[in-house]
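Hello,

Here is the structure I promised to hand over. Please load it first, then read my notes below.

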Amino acid sequence: MAVETGKHSSPQGAKAGGGFFTSRPTKPYIHPYLGGALLGLVLFLSFFLTGNGLGASGGLNNIIGFFQDLIAPDHMDQVPYLVKIAGGDKNPLDAWSVFGVLGTILGGFVSGWLNGRLKVETIRGPRITPRTRWFMAFAGGAIMGYGARFARGCTSGHALSGGATLSAGAWAFMFAVFGGGYALAYFLRKFWN
Amino acid sequence: MAPFPLTLSTLLGHWGQYAVYALIGFAFGFVLESAGFGNSMKLAGQFYFKEMTVLKVMFGAIVTAMVLIFAASGLGLLDYNLIYVNTTYLWPDIVGGLIMGVGFIVGGFCPGTSLVAMATRKIDGLFFVLGGLFGIFLFGETVDLFAGFWNSSYLGRLTLQDWLGLPVGIVVLAIVLMALFMFWGGEHLERIFGGKDLKREPKVRYAGAGALALAAVIVVLIGQPTTSDKWQALEPDKAPLLAERAVQIHPGELLDALHSDALKVILLDIRNEADYNIFHIAGARRVTLAELSDLIPSLLLEPANTIFVTVSNDETAATEAWKLLTAESVPNAYILERGINGWLDTFASADPALRKSTPVAGDDRLRYESAMALGARSPAATPEVDEFQVEYTPKIQLEFKKGPSGGGCG
């Protein structure tokens with residue numbers, strides 16, 4: 001794994017002339033404190049300009065709602081929670097969070113491309129197979145998605161945005177996320193180490 | 001008046017505003033990927049103390065943004081009342097957080113980081129995103145089974161400074177110091193569990209820590225604008241509204257607003273308890289000016305079609321309350337023209353129990369009396385619209401100050 005020290009690129013895993021996606025040399029990640037400061041600046045600008053913070057799961061929620069509305073519009077009108085997303089004529093894609101999600105995907109892609117990190121791979125612990133990792137990723141994603149809606153926000157929308165604006169619930173949520181992760185980490189150590 | 005946040009929908013149009021959100025999203029994704037958050041091993045390392053990148057980036061971002069937000073608010077550039085502060089549903093927050101922590105260690109991502117992993121062609125990221133979408137779908141289909149719990153322990157726009165009863169600058173400074181302590185501890189955990197050589201870490205991080213602590217001290221020193229500071233800044237814009245009587249609504253208009261399905265009316269009765277007990281308009285809530293200050297966070301969360309009407313016997317106290325609401329950025333605040341006396345001049349004929357008192361009372365004193373306390377039981381508290389054909393100049397204009405609220409995940 002690339003360590004965030006040194007300023008020069010280490011061309012590990014990249015082949016010169018490997019096509020659009022993998023032609024650039026792999027560069028190390030930026031230092032975490034610099035990453036934190038830059039992320040904080042983006043978060044501040046978001047609040048400063050728009051009054052809203054950052055987020056991911058809300059946009060995903062609306063995207064899911066859009067497809068559900070295509071398949072079963074009546075269902076969307078009948079379930080109280082779903083009415084808010086796509087009840088009646090409401091277009092679930094007409095929401096700022098959806099555009100934030102699309103921007104996030106594009107931004108991640110461009111950073112990955114500039115820094116030569118677009119290799120198709122499954123990043124996993126040394127003791128598990130890719131297939132196990134895929135299964136765990138799907139299961140973890142499902143648990144995470146469920147929890148994010150339960151807490152009315154994900155790590156970025158709730159912990160990060162609510163943390164910076166000093167929301168009491170966001171701070172309780174943040175400590176609960178770390179608590180839940182640490183409580184289970186020991187039992188899952190063979191998947192990651 | 002604090003110029004930020006901007007009213008994007010007015011500046012750029014309904015769809016144009018989304019370009020700003022897409023750009024901010026772009027920067028968000030770019031920084032997440034640059035910091036290594038597209039890599040699940042780096043994220044999971046947090047839970048084995050090998051790599052404290054998650055802690056450093058997350059808390060680094062929170063304290064940076066927090067210091068900037070409260071510095072900008074302290075300097076009068078940013079209106080803290082107009083930015084979205086995640087509402088607190090304490091127990092659902094905690095239970096949801098625990099579920100997410102489990103998902104984090106099982107799946108290796110959180111929703112935002114998995115998008116970045118997917119975008120950089122990591123197959124585990126793609127599976128996590130698909131799982132996440134499935135989980136979100138599943139929640140929408142099952143939330144009605146436990147809607148009671150999900151909506152419980154609602155505390156509104158509760159902030160740490162309100163909860164602790166401390167000045168916000170002190171809270172900001174305490175969180176910065178806590179974060180610096182956690183960074184220090186995190187580095188030593190990395191040394192012990194991850195075998196990291198701290199001597200190779202850039203020395204400039206000490207300067208960064210110092211700058212952050214200094215910025216927090218500055219936030220303490222500049223403080224936050226008080227209600228009267230805010231009113232002073234607004235006075236040139238807003239005082240003419242009072243003088244032109246643009247915000248004093250006629251009793252007839254209030255009655256129509258109370259009967260309108262398109263509006264939610266919150267009546268704030270600023271009189272003493274005795275007058276309130278003699279007579280008040282149905283649905284009016286009695287608050288003192290001091291209580292009104294504490295009520296601001298909840299008023300800010302009312303739906304966008306809410307109008308707030310302040311009521312006193314004449315207009316003196318109601319005008320003070322209106323200034324308070326306006327200074328605190330509560331949108332759509334109005335004053336009942338000539339107060340309860342004006343209301344009763346218009347509608348008292350509905351109730352023979354109410355009669356004009358003699359001698360005529362002074363300013364902002366009730367000029368009607370009744371043998372017993374009528375409260376809202378008087379027919380004049382709920383006059384029939386059809387019975388009174390009242391002519392007035394309409395003044396209510398709904399204004400949408402705030403950007404679309406609801407956090408990124410809301």
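**Helix packing within chain B**

Helix H10 (residues 168-193) of chain B packs against helix H11 (residues 204-222) of chain B, with the axes 8 Å apart and an angle of about 165°. H10(B) is therefore roughly antiparallel to H11(B), since anything over 145 degrees falls in that class. The crossing of these two helices, H10(B) and H11(B), is left-handed.

On the H10(B) side, the residues in the contact are B:Gly169, B:Ile170, B:Val172, B:Leu173, B:Val176 and B:Leu180. They meet B:Ala209, B:Leu212, B:Ala213, B:Ala216, B:Val217, B:Val219 and B:Val220 in H11(B). Sorted by class, the contact of H10(B) with H11(B) has 12 nonpolar residues, one polar residue and no charged ones.

**Confidence**

Keep in mind that this is a predicted model. Its scores are ipTM 0.88 and pTM 0.88. For chain B the average pLDDT is 90, and 97% of the residues score at least 70. One stretch of chain B needs care: over residues 406-410, pLDDT stays under 50. The model still has 35 contacts beyond four places in sequence for residues 406-410 of chain B. Where pLDDT is low, the predicted coordinates should not be read in detail.

**The sheet in chain B**

What is the strand order in the open sheet of chain B? The five strands run E3-E7-E6-E4-E5, with parallel pairing. Strand E3 (248-249) and E5 of chain B stand at the edges, each with a single partner strand, so each has one side without a neighbour in the sheet. Helix H16 (residues 316-327) of chain B packs on this sheet. H16 touches E4, E6 and strand E7 (333-336) of chain B, and its direction makes about 180° with that of E7(B).

Now the pairings of E4. Strand E4 (residues 264-269) of chain B is joined by six bridges to strand E6 (residues 306-311) of chain B, and the two run parallel. In that pairing, B:Ile266 stands opposite B:Phe308 in E6(B). E4(B) also runs parallel to strand E5 (residues 285-286) of chain B, joined to E5 by two bridges. Here B:Leu268 stands opposite B:Arg285 in E5(B).

**Chain A**

Chain A has 10 helices and zero strands. Its C-alpha atoms fill a box of roughly 55 × 40 × 40 Å along the principal axes.

**Where the chains meet**

How many residues of chain B are in contact with chain A? The count is 119 residues of chain B, against 117 residues of chain A. Helix H5 (residues 90-107) of chain B gives the largest share of chain B's side, with 17 residues. By class, the side of chain B that touches chain A has 74 nonpolar, 34 polar and 11 charged residues.

Helix H6 (residues 96-114) of chain A and helix H6 (residues 111-119) of chain B have axes that come within 8 Å and cross at roughly 50°. H6(A) and H6(B) are therefore oblique to each other. The crossing of H6(A) and H6(B) is right-handed.

From H6(A), the contact is made by A:Val101, A:Thr104, A:Ile105, A:Gly108, A:Phe109 and A:Gly112. From H6(B), the residues are B:Gly112, B:Leu115, B:Val116 and B:Ala119. This contact of H6(A) with H6(B) has six nonpolar, four polar and no charged residues.

Best regards

Key. Residues are numbered from 1 along each chain as its sequence is written. Chains are lettered from A and ligands numbered from 1 in the order in which they are written. This is a predicted model: local features need pLDDT of at least 70, side-chain atom pairs count only at pLDDT 80 or more; totals for chains, interfaces and linings use all residues. pLDDT is the predictor's confidence in each residue, from 0 to 100. Two residues are in contact if their C-beta atoms, placed from the backbone, lie within 7 Å. Axes are lines fitted to C-alpha atoms, for helices over the stretch in contact, and angles run from 0 to 180 degrees between N-to-C directions. Helices (H or I, at least four residues) and strands (E, at least two) are DSSP runs, numbered from the N terminus. Angles under 35 degrees count as roughly parallel, over 145 as roughly antiparallel, 65 to 115 as roughly perpendicular and the rest as oblique. A crossing is left-handed if the near helix is turned anticlockwise from the far one by less than a right angle, and right-handed if clockwise. Ala, Val, Leu, Ile, Met, Phe, Trp, Tyr, Cys and Pro count as nonpolar, Asp, Glu, Lys and Arg as charged, and the others, Gly among them, as polar. Two strands pair if DSSP finds at least two bridges between them.
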